[in-house]
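User: Hi! I'm new to reading protein models, and I'd like to learn how to do it feature by feature. Can you walk me through this one?

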Amino acid sequence: MTIRSIPAGALVKVDGDEIGYTPVSVDFTYYATREITLTKDGYETQTVMQKVKTPWYQVFPLDAVSDNLLPFEVTNRHDFTYQLQPKVVVPTEELLNRGNMLRNETQIGQ
């Protein structure tokens, strides 16, 4: 399974385990829905529940033939590419205004 991001260089976690920075490839032993998290400075963290489909030759009863009787090894590859969104930077003045509003609300409640 190969995971890419636009832009490249995002830290990738698959099912909570860090596997490296994009582009990165990892072997996998089962097909299922995998939780993929991409993190990169300056970009929103993206978490995706990615379905990794079972290929036709791994469906019962064909899997017995493909796993045991084929004279060659069958390799299944999955490529996933994700577009990261830039973080929205809140202006300092707006943050100060929010803080002042919260301070005023707590003082009124006393």
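Analyst: pLDDT is the predictor's confidence in each residue, from 0 to 100. This is a predicted model, so to speak of local features we need a pLDDT of at least 70, side-chain atom pairs count only at pLDDT 80 or more, and totals for chains, interfaces and linings use all residues. Residues are numbered from 1 along each chain as its sequence is written, and side-chain values use heavy atoms, with hydrogens and water left out.

User: Which element has the lowest mean pLDDT, and which the highest?

Analyst: First, what an element is: helices (H or I, at least four residues) and strands (E, at least two) are DSSP runs, numbered from the N terminus. Here helix α1 (residues 62–68) has the lowest mean pLDDT, 64, while strand β1 (residues 2–6) has the highest, 97. The protein as a whole averages 87, and 85% of its residues score at least 70.

User: How many helices and strands are there, and in what order do they run?

Analyst: You'll find two helices and seven strands. Starting at the N terminus, the run is β-β-β-β-β-β-α-β-α.

User: How do I read a sheet?

Analyst: Look for pairing: two strands pair if DSSP finds at least two bridges between them. In this protein, four strands make an open sheet in the order β3-β2-β5-β6, with antiparallel pairing. β3 and β6 (46–51) stand at the edges with a single partner strand each, so one side of each has no neighbour in the sheet. Neighbouring strands here are turned by 25° against each other on average, direction ignored. For that kind of angle, axes are lines fitted to C-alpha atoms (for helices over the stretch in contact), and angles run from 0 to 180 degrees between N-to-C directions.

User: Can we zoom in on one pair? What joins β2 to β3?

Analyst: Four bridges join strand β2 (residues 11–14) to strand β3 (residues 17–21), and the two run antiparallel. V12 has G20 as its bridge partner in β3, and K13 stands opposite E18.

User: Where are the cis peptide bonds?

Analyst: One joins I6 and P7, with omega about 0°; P7 is in the loop between β1 and β2. Another runs from T22 to P23, with omega near -5°, and P23 lies in the loop between β3 and β4 (24–25).

User: What should I know about buried and exposed residues?

Analyst: Buried means under 20% relative accessible area, exposed means over 50%, and partly exposed is in between (1.4 Å probe, protein chains only). Of the 110 residues, 24% count as buried. Take K51 in strand β6: K51 is exposed, with a relative accessible area of 51%. For its neighbours, contact means heavy atoms within 4.5 Å. Leaving out residues up to four places away in sequence, K51 touches A32, T33 and F80.

User: And what about salt bridges?

Analyst: Side chains of opposite charge can pair when their charged atoms come close. The rule is a side-chain nitrogen of Lys or Arg within 4 Å of a carboxyl oxygen of Asp or Glu. By this rule, the count comes to three.

User: Which residues meet in them?

Analyst: D79 and R4 meet at 3.9 Å, N to O. D79 lies in strand β7 (residues 79–83) and R4 in strand β1, so this pair ties together parts 75 residues apart in sequence. D79 is exposed at 52%, and R4 is partly exposed at 37%.

Next, R34 pairs with D15, the closest N and O atoms being 2.7 Å apart. R34 is in strand β5 (residues 33–39) and D15 in the loop between β2 and β3, so parts 19 residues apart in sequence are tied together. R34 is buried at 8% relative accessibility, whereas D15 is partly exposed at 33%.

Finally, R98 and E94 meet at 2.8 Å, N to O. They are four residues apart in helix α2 (residues 92–108), so about one helical turn separates them. R98 is partly exposed at 42%, and E94 is partly exposed at 37%.
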